[in-house]
Amino acid sequence: MSRAFLVVMDSVGIGGAPDADAYFNGDVPDTGANTVGHIARACAAGEADAGRSGPLSVPVLDRLGLGAALRLASGLEAPGLGAAPEGVWGAATERSRGKDTPSGHWELAGVPVPWDWHHFPVAEPAFPEAVRRRVMELAGSDGILGDCHGSGTVMLERFGAAHVETGRPICYTSADSVFQIAAHEDPDVFGLERLLALCAGIAPMLHEMRVGRVIARPFVGEPGGFRRTGHRRDYAIRPPEPVLTNWAQDAGRAVTAVGKIGDIFSMEGIDRVLKGSDAELMEHLGGQVAEAPEGALVFANFVEFDSLWGHRRDVAGYARALEWFDGEIGRLLPRLRDGDLLCLTADHGNDPTWCGTDHTRERVPVLIAGRGTGSAGQVAFADVAASVAAHLGIDAHGPGKSFL
């Protein structure tokens with residue numbers, strides 16, 4: 001039986017979303033945002049030389065069809081992305097009303113989101129009184145810190161010292177439908193297990209409000225030197241219908257999640273989870289290429305494009321990450337077995353040249369090794385799930401249509 005490796009390059013968008021004008025960073029619509037295209041242009045202009053230099057160099061991704069997909073999605077000619085494709089390539093458009101992680105991943109797995117997510121207002125305080133009271137009750141604290149929109153590193157700078165002094169959890173949100181809680185891992189301050197229990201306890205209330213995820217954001221260190229750890233955990237709403245992982249598991253296939261896939265899908269249809277930094281996840285992915293049984297589905301997410309570079313609007317950092325990933329995929333491809341499929345895609349954009357710090361509404365690349373060469377054209381996110389299912393020889397459900 002064939003195997004399938006579905007790999008999400010978190011936020012690696014290619015512009016061109018037809019409804020980008022309905023999505024915003026602050027007061028600016030996402031019209032014209034283009035994560036890969038603008039990074040390539042910045043690199044060629046010498047504007048992304050920190051820790052690297054010169055034009056963006058991603059020859060493996062380009063040979064799989066990245067430049068061709070970029071041109072198809074947005075019409076943009078990007079420096080250094082002109083290779084003739086050697087894989088099956090296309091550009092996928094999202095139907096769900098959101099540019100967040102669950103919306104993109106659920107739809108890539110075959111199920112568009114059928115509702116509008118709840119977003120907290122850009123105000124201080126940001127959260128309803130009932131939510132604040134419930135957090136305090138579960139945490140055993142006399143208050144919360146934050147209660148606002150903000151990025152995680154800024155929240156630690158603003159409220160970390162007060163958290164250490166008072167033990168109050170730091171609660172914040174973003175333009176995504178999320179409720180994030182940061183706390184120190186030291187049990188004398190707060191403790192990791194206490195943080196995870198707090199997030200698990202508040203999640204049902206927030207899910208009922210259609211808040212997509214509660215995210216535990218543990219950190220360590222001293223005032224002036226706080227740093228987040230790799231023990232993050234997402235508590236997400238369960239998908240409303242069976243998704244690709246369920247289809248595979250129900251067909252008796254082994255399903256392994258690499259990265260935060262298990263959290264995003266609330267472990268629906270997943271047998272095993274492998275976590276770590278992106279470098280560690282690449283090791284896990286390589287291990288699955290070597291060891292996954294026939295007929296297996298391996299579903300991976302590489303988050304650091306998004307979390308470390310996109311939200312921080314670090315163009316050089318994002319370019320370095322793309323170049324590292326390209327090299328690693330180049331080493332992985334020769335290790336695939338005959339009959340394997342490797343599909344590289346993304347869940348949304350996060351253009352580091354754009355204003356604000358939020359995701360950007362973009363089309364995403366679909367790059368496939370193991371199924372010959374050719375253009376899939378403009379496809380839907382849900383078509384990715386249908387195509388992976390077709391490759392595996394399992395039944396697909398939902399609106400997607402296979403392009404293989």
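Guide: Buried means under 20% relative accessible area, exposed over 50% and partly exposed in between, with a 1.4 Å probe and protein chains only. The model is predicted, so local features need pLDDT of at least 70 and side-chain atom pairs count only at pLDDT 80 or more, while totals for chains, interfaces and linings use all residues. Residues are numbered from 1 along each chain, and side-chain values use heavy atoms, without hydrogens and water.

Visitor: How many of the residues of helix 1 are buried?
Guide: Helices here are DSSP runs (H or I, at least four residues; strands are E, at least two), numbered from the N terminus. The buried residues of helix 1 are T35, V36, G37, H38, I39, A40, A42 and C43. Helix 1 is mostly covered, the count being 8 of its 10 residues.

Visitor: Against which helices do the buried residues of helix 1 pack?
Guide: Contact is taken as heavy atoms within 4.5 Å. The buried set in helix 1 includes I39, A42 and C43. The partners of this set are helix 3 (66–74) and helix 12.

Visitor: Why does A385 count as buried?
Guide: A385 is part of helix 13, which spans residues 381–392. Leaving aside residues up to four places away in sequence, A385 touches L108, A109, G110, L244 and W247. A385 counts as buried because its relative accessibility is 0%.

Visitor: What separation do the centres of domain 1 and domain 2 have?
Guide: The domain assignment, automatic or from a database, gives domain 1 as 4–114 + 240–392 and domain 2 as 129–235. Taken over C-alpha atoms, the centres of domain 1 and domain 2 are separated by 29 Å.

Visitor: What area is buried between domain 1 and domain 2?
Guide: On the side of domain 1, 10 residues are in contact with 8 residues of domain 2. Carbon and sulfur atoms give 46% of the buried area. That area, the accessible area lost by both parts on being put together (1.4 Å probe), is about 760 Å².

Visitor: Is K260 buried or exposed?
Guide: K260 is placed in the loop between strand 11 (255–258) and helix 9 (261–264). Not counting residues up to four places away in sequence, K260 touches D10, T101, R213, R232, N301 and V303. Because the relative accessible area of K260 is 10%, this lysine is buried.

Visitor: What is the form of the peptide bond from E124 to P125?
Guide: P125 belongs to the loop between helix 4 (101–108) and helix 5 (129–139). With omega near 5 degrees, the peptide bond from E124 to P125 is cis.

Visitor: What value does phi of R210 have?
Guide: R210 sits in the loop between helix 7 (192–208) and strand 8 (213–220). R210 counts as partly exposed because its relative accessibility is 34%. In this residue other than glycine, phi is positive, with a value near 70 degrees.

Visitor: How does M267 count at 39% relative accessibility?
Guide: M267 is located in the loop between helix 9 and strand 12 (272–274). Phi of M267, a residue other than glycine, is positive, near 65 degrees. Because M267 has a relative accessibility of 39%, M267 counts as partly exposed.

Definitions and conventions
Buried area is the accessible area (1.4 Å probe) that two parts lose on being put together, summed over both.
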